[in-house]
Every structure is written in C-alpha cells, then in structure tokens.
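Please follow the chain through a few of its side chains, with attention to where each one sits and what surrounds it.

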Amino acid sequence: MTHKQSTPLILAGVMLSMILASLDQTIVATAMPKIVEEFQGLSHISWVFTSYMLATAVTVPIYGKLSDVFGRRNLVLLAIIIFLVGSALAGASQNMTQLIFCRALQGVGSGAIMVNSFSVIGDLFPPAQRGKVQGLFGAVFGITSVAGPLLGGWLTDSFSWRWIFYVNIPVGMAALAVIFAGAPPKISNPHEAKNHSIDYLGAILLTATLVPLLLALVWGGSQYPWGSPEIVTLLVVALIALFAFIWREIRAKDPIVSPSLFKNRVFTVSIIATFLASLGMFGSILFIPVFAQGVAGFSATNSGLILMPMMISIVVGSMFAGQVMSRTGNYKILAIAGMVIATVGMLLFSQISETTSQFSLVLRMITMGIGLGFTMPVFTVAVQNAFAHKHLGEVTAGIQLFRTVGATVGGAVLGGVMNVQLAARLSNIQSDPFIVMAKQANPNIPVNIDSNTIQTFLSNTGQAQIRAGFEQAPAAIRDALTNAFNNFLEILRTAYSDSIDRVFIIGAILMAVAVIATIFLPQIALRKSHHPMPEELGVERSIDGTV
C-alpha cells in the first residue's frame, strides 16, 4: 500500500483515537452530579477534569519531542493502551480519590493522542491544504463533544455513570486495529535519534510548576484562605520551579519547550489566544450541566441535550473556518471573528438565572459554539505554517500544551470561584427556617449544608428522599415544613445560579483579553508544500520561524 493510498486509513485511525481523547473531555460533564452525589465530593469536582488535563499537559511536550525523533505510530498505539487501562480503572473507582487518579492515567494516554493527531495532519498535508483537514478534525472533536454529554447523560440515567468509562474500550480497540493495520511504522520522517535527547529534567520541573500552581488555584479561598501558609507555600514552590524550568530550557540540548519558540509572534499570540479560549470552552461545558441539573432540575440526559446546540455550532464553525482558510489563505480575520463571537457568548452566559428558559440557553450556546468553532483550526495551522517542517511535532505540542493548560487552569480557577462564591452565599444557611424546623421535627433528616451536600438537596432523587422523611414529622407541622423546604430550595438554587454567573463574568473578561491579543496575530502566506516557498529556496525556516 502506497503512502497516498494509506492516507485515508491513517486519518481514520487517528480520528478514532482522537474520539477517545476528546470524548472523555466532555462525557464526564453530565455524569458529574451523580458522581458527586455518590461520593459526596462537590468540592473536588474540578479535579476530576483537572487531573485529566494536567496529566495531558505535562506529557504533551514530551510526546511532541519523541514524535519528531521516533515517529508517531508506536507512540499512538502505546497511548491508546494506557488510555484504555485508565478507563477500565476509572469505571471501577470506589471513591473520589481513586477516580481522580484514574483520570490522570487517562490523561497520560490522551497527551500522545492529541499532539500526534494534529502532527500527523502536518505530515500528510502542506499548510495550504491543512485548513480543510483541521476543520474536519475540529468537526470530529465537535461531534464527540455533542455525543459526549448526551451519551454520558444517557448512560448515567439508564445504567450507571461507570459506563461512561467502559464505553471507551470498544472504541479504543477499533482504533488500535485500524492504526496498526494502516499506519506505516514511521508516519513521519524522524531525525536520527542519536542526535537528539529528551529533556527529562525539564519535564520534571514543568510538572513541579503546574501541580502546586493548580493545587493553589483549586484550594485557595475554599479549603484554605488565600493568605494561608499552605497556599503561599504552593505558590512559592510553583514560582521557584518555573524559574528553574526556564533556566533548564535555556541550557538544554533539546528542551521540552524551546525558548526560541517565543521569538515567533505567531506562536506567542496563538498560545495566549488558545489558552484563554480553552478556559472559556471548558468553563462552559463544566458548569452548564451543573446549572441545568442543580438549578433547572433537568435529568442528566436532558442536561446533555442542552449542550448539543453548542457542540453542533462548533462543528459548523470549525468546518466553515477550515474551508475559508484553505480557499483564501487568510486565518487572522477568522481568529478575530471567532474570539469576538465567543466573548459575546460568554457575556450572555453570565446573565443566566433560575428563570432562564431552555430556548434562551440554546441561543447562548449557539453563539459560543460558532465562536469557538472558528478558532479551532486556525491557530494550529498558523503555528505549523510559521516553522520548518522538521520541528512540526515540537511546535504542535507547544500550542497543544498551552491549549491543555488553559483548559486545566480554567477548570481549576472556575471551580475555585464556584466553591468560594457558593460558600459565601450559604454562610448563614444553618439559620434558615427549614433547617431549624427539620432538626426539631426529625433528627434523621440530613440538614448539614456545605459544598459537598448541596447537590443532594438539588437533585430530584435527594428531594424525594427528604420529602419522604416529612411523613415521620408531626402532622401539625408537615405543611409548614414542606413550605419551608420549598423556600429553602429556592435559596439554594439562587445561590447556585449567582455563583455560576460569577464564573462566566470572569470567563468573559479573559476572552476579551484574547480578542485584544489576536489583533496582533501576524498574517503569513500559507505554504503550498512541505518545502520552503519559492522566495525561500535555499533558505530553510529556522526554529523561530525566520528565514
């Protein structure tokens, strides 16, 4: 089978593997309320996402360097196996700690899948043709994002939340078979391994920077005060590790993240913009189902359906942007337009409340989806086009790293904001008339309200159990107890809704900064081959993109 003949099969295998990684970024969202209710772990909700994204972020640059040296195929096969092991263990988790650990293991596999998926496109197609293919991959990402929340909700309601992880196994086995059969041992033309080394010390220092930083962001203001010794220590450790990481990368023979990448304005602007866009997207996916189930009272399946318009809009926007970019070669206007539309969508999300209709939510998600879809294929193609092909894996991993870190920091920061806001609004909840009456009427009714138990009160199942407990109360106060409980639920819903509004206000501000950054994105003509353009013959682009 020739390289040209095997291209469709290679793309099919890579798409299947990408389905695995992207599906698990969203399939968990609609199942989280059930998981939180079972494990009593709302305060740790963001870490179910953060552990996955953090492991992906740390491993992406290492995989990017390895793929340039050794090729993509074997790394993808190994990554899928790791991912499937993590999925099986996640489905068998017995507490929140085990689930978070297993999600991290999935993330280790996801890192290689994501960076190699986009690098393979760069191997097979020149920059001028990549827009259409990147748009197609963006559509795959969007379709799995549509299927993720819906499938997650359906599996949770019909079977168990554990099946959101077990469902990965047949898809992963199919991906393994297709890639093994269709991809040559070395999809790319890697450089001689003897001339390259992997900067493992740099990887350790990068991990030492990200882990304490994210812990501080998640715990600050909720489990510990911002000025507490625990938070200050974590931030200091992260800062020291960051300086050590920069020092190491300047001196390393083959750095994990080459400092020279940042000399290229296309790269610098793109990572800032994708960082903030990822923050906004994952903030939406994480908290909209929480709003739908906790405030609006939807089932897990219906909350998944709520997300569908946004994901369909991402598919449409991504494919449209890819076609326009390939036809015109202009990516800057698409990047600016996408960021502006996504910012408007985030502002609209900040106005939702317990009275917001389903139709109004749909309009907000269509707006956000179109904006995010426009940006998906643009920045990857722009960055790949700005560097020599021999650095394809490294620069693709670079932008993927900051995209992943953006989503990770977004989940951590917005989760922390949610916890702090909710705690502040419920600080006096123990004096609520329902709490007082319930304790007097029946000591067995669960009335301890905190960020971990509020989900029980807001879920339909939890409310049914509590109302059933009213039957044991004296007949004379049952009606009063019921009315007090209804008022109590309104207080909880309002607190939940207001807390989510604050999350989106912060997201809108950050997206506005991304718009400003994107204005400074240089427009460079897209190459029509892997080789230098005619005016560059004899002068290959350097690592920083200059000629």
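In this predicted model, Phe39 belongs to helix H2, which covers residues 32-39. Its relative accessibility is 14%, and because buried means under 20% relative accessible area, Phe39 counts as buried. Which residues surround Phe39, once its neighbours within four places in sequence are left aside? Phe39 is in contact with Ser93, Gln94, Asn95 and Met96, and also with Trp161 and Arg162.

The aromatic rings can be taken up next, and the structure holds eight aromatic pairs. One of them joins Tyr52 and Phe83, whose ring centres are 6.5 Å apart and whose planes meet at 80°, so that the pair is edge-to-face, given that planes over 60 degrees apart count as such. Tyr52 lies in helix H3 (residues 45-70), whereas Phe83 lies in helix H4 (residues 73-91), and the pair therefore ties together parts that are 31 residues apart in sequence. Are these two residues buried or exposed? Tyr52 is buried, with a relative accessible area of 0%, and Phe83 is likewise buried, its relative accessible area being 0%.

Another pair is formed by Phe262 and Phe402, with ring centres 6.1 Å apart and planes at 85°, so this pair is edge-to-face. It links distant parts of the chain, since Phe262 is placed in the loop between H10 and helix H11 (265-294) and Phe402 in helix H15 (residues 392-425), the two being 140 residues apart. Phe262 is partly exposed, with a relative accessible area of 34%, and Phe402, at 22% relative accessibility, counts as partly exposed. Together with Phe267, Phe262 and Phe402 form one aromatic cluster.

Leu242 has its place in helix H10, which spans residues 229-251, and it is partly exposed, with a relative accessible area of 34%. Which residues make a nonpolar surface patch with Leu242? The patch, of about 480 Å², is made by Leu239, Leu242, Phe243, Ile246 and Ile250.

Notes. Residues are numbered from 1 along each chain as its sequence is written. This is a predicted model: local features need pLDDT of at least 70, side-chain atom pairs count only at pLDDT 80 or more; totals for chains, interfaces and linings use all residues. Side-chain values use heavy atoms; hydrogens and water are left out. Patches are made of residues with over 30% relative accessible area and no salt bridge: like charges are joined within 9 Å, nonpolar side chains (Val, Leu, Ile, Met, Phe, Trp, Tyr) within 5 Å. Accessible areas come from the Shrake-Rupley method with a 1.4 Å probe; for residues, only the protein chains shown count as cover. A salt bridge is a side-chain nitrogen of Lys or Arg within 4 Å of a carboxyl oxygen of Asp or Glu. Helices (H or I, at least four residues) and strands (E, at least two) are DSSP runs, numbered from the N terminus. Buried means under 20% relative accessible area, exposed over 50%, partly exposed in between (1.4 Å probe, protein chains only). Contact means heavy atoms within 4.5 Å. Rings of Phe, Tyr and Trp (its six-membered ring) pair if their centres lie within 6.5 Å; planes under 30 degrees apart count as stacked, over 60 as edge-to-face and the rest as tilted.
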